[in-house]
Structures are given as C-alpha cells and as structure tokens.
Amino acid sequence: MLVVDIQSIYLKESDDPAQNVRWEPFRQRMREVVIPNTARLLEQARAKGVEVMFARIACLKENGRDRSLSQKKPGWNYLLLPKGSADSALVPELQPMGDEIVFCKTTDSLLTGTNARLILQNMGIRKVVVAGIFTDQCISSTVRSLADESFDVVVVEDCCAAATKELHDHELEIINMIYCQVASLEETLAFIA
C-alpha cells in the first residue's frame with residue numbers, strides 16, 4: 001500500500017481569492033473523498049498485515065538545491081518543501097505508524113531518485129496499491145515507473161485526485177489496463193480482505 005503526496009501544503013488556502021475559488025473543488029474532494037477513503041484503506045491494509053508506505057515531496061536542503069528541474073522551474077509545479085517544514089508534512093489523518101517507510105522525493109515518480117525500487121524488491125513486494133495526488137502527475141509517473149519495473153499496480157480511483165475531476169478521469173482512462181488496474185475503494189477493500 002503506497003500513499004503518495006497527501007501533504008498539508010495542498011489543503012492550504014491561498015492569499016489570492018481567485019486561486020481559492022479555482023482550488024476549492026480539489027480541496028473539497030480531498031476532505032470529503034480522498035482523505036477519508038484513504039484512511040479506511042490504510043486501516044484495512046494494516047489490519048490484514050499489508051505493508052504500508054508513504055511518499056512525500058520534500059527536499060533535503062533548506063534552499064532546495066537538491067530538487068529536480070521540474071520542481072525548480074517557475075510556474076505551477078514550482079515546489080520548495082524542505083523535509084522539516086509544516087507544508088511538507090503528511091496530513092494528520094494519514095500518518096505513518098510504527099516503522100512504516102516514508103520516502104522523500106524531489107521528482108514526480110517515487111522510483112526516480114529514491115531507493116524505493118530496491119526496498120520494494122528487498123522486501124519481496126510485487127503488487128503495489130496506490131493512493132494519492134496528483135493523478136495526472138505523481139500518481140501517473142509512479143504507476144508507469146512501477147509497471148516498467150514489472151510491479152503489478154492497482155490505483156484506487158476514489159483515493160486519488162487531480163487539479164480537476166476531468167484531469168483525474170482522463171489520466172485514469174489513459175493508464176488503466178496498460179500500466180495498472182484502476183479500482184474503487186470498495187473493490188480494493190474486497191481484494192485485501
């Protein structure tokens with residue numbers, strides 16, 4: 001079970017009223033669908049002994065020198081989230097427990113620039129259930145990388161979100177049955193039961 005980038009920064013309101021209006025549907029989906037559903041998924045996974053891991057965007061250097069080029073470029077994807085900052089923290093409802101692994105990444109894909117591939121292989125993991133944000137960016141990149149490395153991947157549709165519902169649905173349509181199997185929370189819960 002892999003939860004990707006459900007971090008505090010993405011639920012914060014902006015000082016810009018126009019940006020607040022633009023992002024409110026996303027924040028509403030996160031509060032009402034993605035976070036509660038992911039919490040249910042984590043509870044079931046833990047109860048069934050499924051290994052739980054998290055990924056978050058977090059650079060190691062305060063000034064972000066270690067970030068990938070895509071996170072350094074000006075624009076929407078520009079991110080400066082030092083690993084110790086409150087903005088880079090996972091949301092309170094989805095915190096790791098015990099020795100669950102949390103990967104810090106400075107790229108969209110978990111497998112690019114981290115030791116995740118090695119850890120998954122060392123632990124004998126072959127199937128990865130994915131939840132998180134953003135469907136068309138970090139989820140898609142991670143799923144494609146996992147599939148390329150011959151992992152069997154399930155993406156839980158109602159545990160993911162993109163900037164818009166249209167982007168979310170479109171990306172799931174693209175990756176489904178090629179790089180992953182897209183399933184609902186209820187289908188996934190039945191699978192891990």
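**Strands and the whole fold**

Reply: Strands count as paired if DSSP finds at least two bridges between them. This is a predicted model, where local features need pLDDT of at least 70, side-chain atom pairs need 80 or more, and totals for chains, interfaces and linings use all residues. Numbering starts from 1 along each chain as its sequence is written, and side-chain values use heavy atoms, without hydrogens and water.

Me: Which residue is the bridge partner of L2 in β2?

Reply: Look along β2, which covers residues 53-57. There, L2 has as its bridge partner M53.

Me: How many of the residues of β2 are buried?

Reply: Buried means under 20% relative accessible area, with a 1.4 Å probe and protein chains only. M53, A55 and I57 point one way, F54 and R56 point the other way, and all are buried. So by that cut-off, the count for β2 is 5 of 5.

Me: In what order do the elements of the protein chain run?

Reply: Helices (H or I, at least four residues) and strands (E, at least two) are DSSP runs, numbered from the N terminus. The protein chain has 6 helices and 6 strands. From the N terminus on, the order is β-α-β-α-β-α-β-α-β-α-β-α.

Me: What share of the contacts with a separation of 6 or more comes from residues 24 or more positions apart?

Reply: A contact means heavy atoms within 4.5 Å. Among contacts in the protein chain with a separation of 6 or more, residues 24 or more positions apart account for 75%.

Note on methods: Buried means under 20% relative accessible area, exposed over 50%, partly exposed in between (1.4 Å probe, protein chains only).
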